[in-house]
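This report describes sheet architecture and helix packing in a single model. The sequence and structure are shown first.

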Amino acid sequence: MDTPQDGILQSVQQLYGHGETPTLLIGKDLEVLWANDAASKHPSILTQYDGLHSMLADVDFNKLKQALFSGKEIFFSEGELSFLQAKVELIPLKNKEENFVGAVMRILFDNGPVSVKNTYEAQRHLSAFISQFRSPISSIYTVLIPLAKRMREQGDNTGLKYLNSISQNSYKILRTTVQMSELARYQTGTNRLDKEYTNLSDFLKELCDAVSIFAMSLGIMIRFERQDEEILTCFDRDKLSYAILNVLLNSCEYGGKNVTVRLKRNGEFAAIYVIDDGEGISQEVLGRIFEPYYSKDSKHEMFYSLGLGLTLTRYTISAHGGTITVESKLSKGTTVVMTLPICQCTQEDKHTDYLYQTMDHYMSDKFSPVHIMFGAVTGIFHI
């Protein structure tokens, strides 16, 4: 990560550190290097790890970088960006050699802190409202299990068919509520990571083994490949599970008959590749896949979603300090690459020697991430 030289960072900190206007210091690659108190306390996406790419999704970044490199100040009026109805000011910074080293980004709310507070409160209430759905849906499914058992004993195949439809639709609602709740938490800055220091290789293998059982019922083969060496690092097991499952769900929907998950060590990072031989993604769609609520028309109704999967995956990978990229060509398949920093264990991190979430655990727990994400796709293992 490039860092501004010649005391620029210190000057920006002194000038904007205690101001009431949310202010960020942006690096050469448009990443967030520093945020003042007003921005750090802001319950939104102001300090996302991947910098401006999350905050200014409507911007042509090549043109933006060219303008900043040339020393041009940039001002976005309210309404030009899908960004909290705020004005955004970008002031380029250069060192003594007149080389571009970053920019100061100021967020100008017309209504000041009141606007910020109202936005946070709206998201917080939305999150609480969505969470209320999860408990009754879970209760419905709990009742379905003994009811299905009784129908099997009585040979009531018609009743089982109806119960299976109820189960699948319950999982659709459950998946939607989980995704919307997670998005609201990320956007309000309240979605914290609960990291564990554990074996990433074994974690991915068990996850893929569980998903492969669902995928086989769709005629899709999922293979997991890894290097011989173990990769131990810190990550939030549940959040990373959902992030990877979102990608696998897309591969099963738009992929062909084969999906490969590959884990490699790339220096100080672990790289997770999800490769499918499916229909691919057009360049027009590829440029929008991380937008919230954007969903390509699906030919498989059972895969229908709100279009939040890859949005949440990007948030999760960024929160871990990693990156996600997607390469695709029509009729040639798609490759998604997620990187995670390989971190050493600290005293604050939990150390897990035994991976308790094996494939059997994923399959036996009807409310595991695997069931929540794939439960609406296949009914064979529901009840």
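## Helix α8 against helix α10

Helix α8 passes helix α10 in a left-handed crossing; a crossing is left-handed if the near helix is turned anticlockwise from the far one by less than a right angle, and right-handed if clockwise. Helices (H or I, at least four residues) and strands (E, at least two) are DSSP runs, numbered from the N terminus. The axes of α8 (residues 237-254) and α10 (residues 309-319) come within 9 Å and cross at roughly 140°, which makes α8 oblique to α10. Axes are lines fitted to C-alpha atoms, for helices over the stretch in contact, and angles run from 0 to 180 degrees between N-to-C directions. Angles under 35 degrees count as roughly parallel, over 145 as roughly antiparallel, 65 to 115 as roughly perpendicular and the rest as oblique.

On the α8 side, Lys239, Leu240, Ala243, Asn246, Val247 and Asn250 meet Gly309, Leu310, Leu312, Thr313, Thr316 and Ile317 of α10, where contact means heavy atoms within 4.5 Å. By class, this contact of α8 with α10 comprises six nonpolar, five polar and one charged residues. Ala, Val, Leu, Ile, Met, Phe, Trp, Tyr, Cys and Pro count as nonpolar, Asp, Glu, Lys and Arg as charged, and the others, Gly among them, as polar.

## Basis of the model

The model is predicted: local features need pLDDT of at least 70 and side-chain atom pairs count only at pLDDT 80 or more, while totals for chains, interfaces and linings use all residues. Residues are numbered from 1 along each chain as its sequence is written, and side-chain values use heavy atoms, with hydrogens and water left out.

## Helix α7 against helix α8

Helix α7 (residues 200-216) packs on α8 at an angle of about 40°, the axes being 11 Å apart; α7 is therefore oblique to α8. The crossing of α7 past α8 is right-handed.

Leu200, Phe203, Leu204, Leu207, Val211 and Ala215 are the contributors from α7, and α8 supplies Arg237, Leu240, Ser241, Ile244, Leu245, Leu248 and Cys252. The contact of α7 with α8 divides into eleven nonpolar, one polar and one charged residues.

## The mixed sheet

A five-stranded open sheet has the order β7-β9-β10-β12-β11 and mixed pairing. Two strands pair if DSSP finds at least two bridges between them. Neighbouring strands are turned by 15° against each other on average, direction ignored.

Strands β10 (residues 269-276) and β12 (residues 333-341) run antiparallel and are joined by eight bridges. Ala271 has Thr339 in β12 as its bridge partner. Helix α8 lies across β7, β9 (258-266), β10 and β12, and runs at about 25° to β10.

## The antiparallel sheet

Another open sheet has five strands in the order β2-β1-β5-β4-β3, with antiparallel pairing. Its edges are β2 (32-35) and β3 (74-76), each pairing on one side only. The twist from one strand to the next averages 20°. Between β3 and β4 (residues 87-94), the antiparallel pairing extends over three bridges; Ile74 stands opposite Leu90 in β4.

## Salt bridges

Five salt bridges are found in the whole structure, each defined as a side-chain nitrogen of Lys or Arg within 4 Å of a carboxyl oxygen of Asp or Glu. Arg106 forms a salt bridge with Glu89, with 3.1 Å between the closest N and O atoms. This pair links distant parts of the chain: Arg106 lies in strand β5 (residues 100-108) and Glu89 in strand β4, 17 residues apart.
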